[in-house]
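Biologist: I would like to learn how to read a structure feature by feature, beginning with a general idea and then turning to the case at hand. Could we go through one together?

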Amino acid sequence: MQRIAESWPLRFAGDPVRRYVLRLGQKIVAQVDPHHVDDWRFFVVRNLEPTAFAVGGNRFVVSDGLIAFVRNESDLVAVLAHEIAHQRLRHFCDQAPTDAKRIRYGSIVQHFDLDTERAADAEAVRLLELAGYDSCSMYEVLRCLSERPGAPVSQLQARMRSLKSSCTNRANMPHIGELEEIRSHILDESGTPIQRCR
Ligand SMILES: [Zn+2]
């Protein structure tokens with residue numbers, strides 16, 4: 001995390017975008033670790049590519065691009081819940097499988113393993129429901145990512161197949177609420193139109 005903080009343009013603590021992400025993250029943390037909510041840290045990097053990852057040690061990073069890309073708040077919470085699930089399921093304590101695909105994110109390297117991703121997706125659905133969000137959101141975020149140019153489609157679709165039964169009545173959420181304000185803020189600052197998922 002220190003390496004990321006030194007070399008990446010992170011939003012600082014009082015920033016409205018970071019405060020918003022922190023509030024959403026804490027709604028999920030309240031379901032899994034209610035007595036230590038403040039030990040969990042959420043960071044936002046000024047990067048227009050939609051990305052999110054867990055660094056380990058209850059530290060998470062999401063990008064401006066992810067916030068601008070998702071359909072609604074529930075979808076953003078799904079991404080946070082997925083990353084929190086990696087932490088809860090101790091995916092950082094086990095040795096990464098040797099055949100896991102290495103994914104390079106700037107100065108850090110993460111491992112990709114389909115079974116691990118599926119386990120985090122399933123746990124994210126449970127956490128979404130507990131926190132009162134749309135349980136379809138995990139599936140929908142994967143669908144959104146799979147429709148981007150250059151996406152690892154077969155990998156994402158394999159994860160979507162495992163989630164199919166978790167999404168029975170798909171809700172169409174109107175574009176209202178705080179996510180829309182935060183999204184406008186990011187767009188104003190970046191001066192770039194950012195395509196969002198539909
Ligand atoms: Zn993951």
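Biologist: Let me begin with a cysteine: is Cys144 buried or exposed?

Modeller: Please keep in mind throughout that this is a predicted model. A residue counts as buried when its relative accessible area is under 20%, and Cys144, with a relative accessible area of 3%, is therefore buried. Cys197 is buried as well, at a relative accessible area of 6%.

Biologist: Which residue does Cys144 join through a disulfide, and what is the S to S distance?

Modeller: A disulfide is read from a pair of cysteine sulfur atoms within 2.5 Å. Here Cys144 is joined to Cys197, with an S to S distance of 1.9 Å, and the count for this model comes to one disulfide. Because Cys144 lies in helix H6 (residues 137-146) while Cys197 lies in the segment after helix H8 (178-190), the pair ties together parts that are 53 residues apart in sequence. The torsion about the S-S bond of Cys144 and Cys197 is about -80°, so the disulfide is left-handed.

Biologist: Stepping back to the whole chain, how many helices and strands does the protein have?

Modeller: The secondary structure comes to eight helices and five strands, which follow one another along the sequence in the pattern α-α-β-β-β-α-α-β-β-α-α-α-α. Of the 198 residues, 49% count as buried. Among contacts with a separation of 6 or more, 63% are accounted for by residues 24 or more positions apart.

Biologist: How should I read a sheet, and what is the order of the strands in the open sheet of three strands?

Modeller: Strands of a sheet pair through backbone hydrogen bonds, either parallel or antiparallel. In this open sheet the order is S1-S3-S2 and the pairing is mixed, with strand S1 (41-45) and strand S2 (52-56) at the edges, each pairing on one side only. Neighbouring strands of the sheet are turned against each other by 25° on average, direction ignored. S1 runs parallel to strand S3 (residues 59-63), to which five bridges join it, and Phe42 has Phe60 in S3 as its bridge partner.

Biologist: Which strands of the sheet does helix H2 touch?

Modeller: Helix H2 (residues 16-32) packs on the sheet by touching S1 and S3, and its direction makes about 145° with that of S1. Helix H4 (residues 73-88) also packs on the sheet, where it touches S1, S2 and S3, and its direction makes about 25° with that of S2. The buried residues of H2 include Val17, Tyr20, Val21, Leu24 and Ile28, and the buried residues of this helix pack against S1, S3, helix H3 (64-69), H4, H5 and H8.

Biologist: Let us turn to the metal: which residues coordinate the zinc ion?

Modeller: The zinc ion is coordinated by His82 (NE2), His86 (NE2) and Glu117 (OE), at 2.0 to 2.1 Å, and in sequence these donor residues are spaced H-x3-H-x30-E.

Biologist: What are the contacts of Arg159, leaving aside its neighbours within four places in sequence?

Modeller: Arg159 has its place in helix H7 (residues 153-163) and is buried, with a relative accessible area of 8%. Beyond those sequence neighbours, Arg159 is in contact with His82, Phe112, Leu114, Glu117, Arg118, Asp121, Met138 and Leu142.

Key:
Residues numbered from 1 in each chain as written. Predicted model: local features only at pLDDT ≥ 70, side-chain atom pairs only at ≥ 80, totals over all residues. Heavy atoms only, no water. Helix = DSSP H or I, 4+ residues; strand = E, 2+ residues; numbered from the N terminus. Buried < 20%, exposed > 50% of the residue type's maximum accessible area, 1.4 Å probe, protein only. Pairing = 2+ DSSP bridges. Axes fitted to C-alpha atoms, helices over the stretch in contact; angles between N-to-C directions. Contact = heavy atoms within 4.5 Å. Donors = N, O, S within 2.8 Å, 3.2 Å for Na, K, Ca; no water.
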